[in-house]
Amino acid sequence: MENAPHQGKVLPANAYRELEPGETYQPVVPADDPRPEVTVRSVVLGSIMVVIFTFAAAYIGLKTGNVIETSIPVAILAVFLGTFFSRRNSLLENVIIQYIGQASGVVVAGAIFTIPALYILDLDPSFMQIFLSCLMGGYLGVVLLIPLRRYFVRDLHGQLPFPEGTAITNVLATGERSKGSAGKILLMAFGVGFIYDLIVEFFHLWNHHLNSKVLFGRAGEYLADQRFELRLNGTAVYFGLGYIIGPRYAGVIAAGSVLSMLILVPLVYFAGHGLSVPLTPPEVEALVADMDAGQIFANYVRPMGIGCIAVAGMIGILKMGKIIVSSIALAFKGLAGGGDGGDLPRTDRDMPPRNTFLVQIGAVVGMFLLFWYISGGLATALVGTVITFALAFLFTPVAARAIAIVGVNPVSGMTMLTLIIACLALVATGLSGDALGMSVALIVGCAVCTALSTSGAFITDLKVGYWLGASPYQQERWKFLGILIAAVCVGGVIWVLATSYGFLVTDAAGQQVVNPDLPAPQGNLMAAIVSSVMGGQQQALILFALGGLVAILLEMAKVPA
């Protein structure tokens, strides 16, 4: 059925609604349109985008704990840069540029959750360990989702909103007419941020590390003595991140800081400063009265945060119970499909199942060899490989469906669950309390986390291609290049930051504390989980329980925990 476009809209009228019986969706670029798609220009520009945004996303993620979504900036720049050529980029070329460049954010998301924990636990990972775990995990995230493309993208057309995909599609489609004006705004914003950080970080014309103890003079010192202390970091990274995530979620993050530093830290000090023995947990030797606000946070409030996030992740998984069950059944159904698709139109053709299966086998073999190299034992390598593939297989469609419905990937909760399962399985094989077991567990977590992050973004890109008329088999092929470049870059940038700055520093008391210039929040969280499960440490369960109670209260108040 022929589709009439919306008044003033680029996409057809039925782009966002369910199709009537017998109705078909015709993309912006029909299947028989010969305009260029994969060209030297689109591949080179996409590869450059991967390098630039991998370094930016990795630094921001390690600094703030939030990974920026690179899809929309890459799409804007693709349209803008096309104006500098005598032949402007075609719409499909911009899809490929965005598609390859977007790999930066997903690989970074997988790496910064787990790799810093290896350094924090003094396990000294090599570049090859980082590179291969990100690469194999990313490839698994792609090949495990290819059999499910038609179901998510075509069969459920109009039923899944794809919020991020809708934004990307509109950027690319309207860019055909806007001459890349959005790109000029993006470059201007880059210039403003660069000049601001240059003044602050290089010339030090003012101090961006604001502390209530200094700002409020004697009143601030008195409040700090009672362990009421706030520290603010006023850099362009945080300003930009707050603008991107919006006032509501910025407010939620700020509320967490207020709860931690202005309520829980003073409350712990009030409860324990008069005691002549440590309050809890068992391994803490210092008295509460001798701790400053930062030390109280590290020893008492952070374990509450771990319990809060863990319970929040469990709540999220329970709420998605039906999705998980249906997604697992869908994964088996998709793998049972066949045919090379050679008789299908360009816009509905996937990579041949045989090639997809070979890449899948290659990724599994690569993970096995990596675990074998790390552990030196066949049993450990086999356990690590089975856990990685099984959890990636089960969680990949869950991540994709979550992105398609709400635009948010529940990767943090599933990564924590992955680490706990991996730790328990490795402990059962006899690997507990040593560096080897923790290294294997964190590499498993990195691979699975990268697979989940990749699959969520991958299904969005495929939907964008479906709306605009890109070739799925081209998208699937060139995604591997983006992941390869991103894995190389993220391995390099984490190694450079770890060796130059370090994730831990020594404070005035001679204790190892989190580096305020490179806090890596998720990495510290994952390190705490792995060391507690595998290291046999005595933990203050009451702190975890209190954090879990906070998560339940926040869930009842409909606030993201």
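Buried means under 20% relative accessible area, exposed means over 50%, and partly exposed lies in between (1.4 Å probe, protein chains only). This model is predicted: local features need pLDDT of at least 70, side-chain atom pairs count only at pLDDT 80 or more, and totals for chains, interfaces and linings use all residues. Residues are numbered from 1 along each chain as its sequence is written, and side-chain values use heavy atoms, with hydrogens and water left out.

View 1. Leu19 sits in the segment before helix 1 (40–64). Helices (H or I, at least four residues) and strands (E, at least two) are DSSP runs, numbered from the N terminus. Is Leu19 buried or exposed, or in between? Leu19 counts as partly exposed because its relative accessibility is 29%. Contact means heavy atoms within 4.5 Å. Leaving out residues up to four places away in sequence, Leu19 touches Asn14, Thr24, Tyr25 and His157. Leu156 is 137 residues from Leu19 in sequence, yet their C-alpha atoms are 9.6 Å apart in space.

**View 2. The largest nonpolar core.** A nonpolar core is a set of buried Ala, Val, Leu, Ile, Met, Phe, Trp, Tyr and Cys residues joined through side-chain atoms within 4.5 Å. The largest one holds 113 residues. Leu172, Ile459, Ile494 and Phe503 touch the most other members. Helix 17 (residues 435–468) gives the largest share, 20 residues.

View 3. A second, separate core has 13 residues, among them Tyr269, Val288, Ile296 and Val301.

**View 4. A nonpolar surface patch.** Phe190, Phe194, Ile195, Leu198, Phe203, Leu205 and Trp206 make a nonpolar surface patch of about 790 Å². Members of such a patch have over 30% relative accessible area and no salt bridge, and nonpolar side chains (Val, Leu, Ile, Met, Phe, Trp, Tyr) are joined within 5 Å. A salt bridge is a side-chain nitrogen of Lys or Arg within 4 Å of a carboxyl oxygen of Asp or Glu. Areas come from the Shrake-Rupley method with a 1.4 Å probe. Phe194 belongs to helix 8 (residues 181–202).

**View 5. Confidence along the chain.** pLDDT is the predictor's confidence in each residue, from 0 to 100. The protein chain averages 78. Over residues 1–8, pLDDT stays under 50.

How values were computed:
Patch = residues over 30% accessible without salt bridge, like charges linked within 9 Å, V, L, I, M, F, W, Y side chains within 5 Å.
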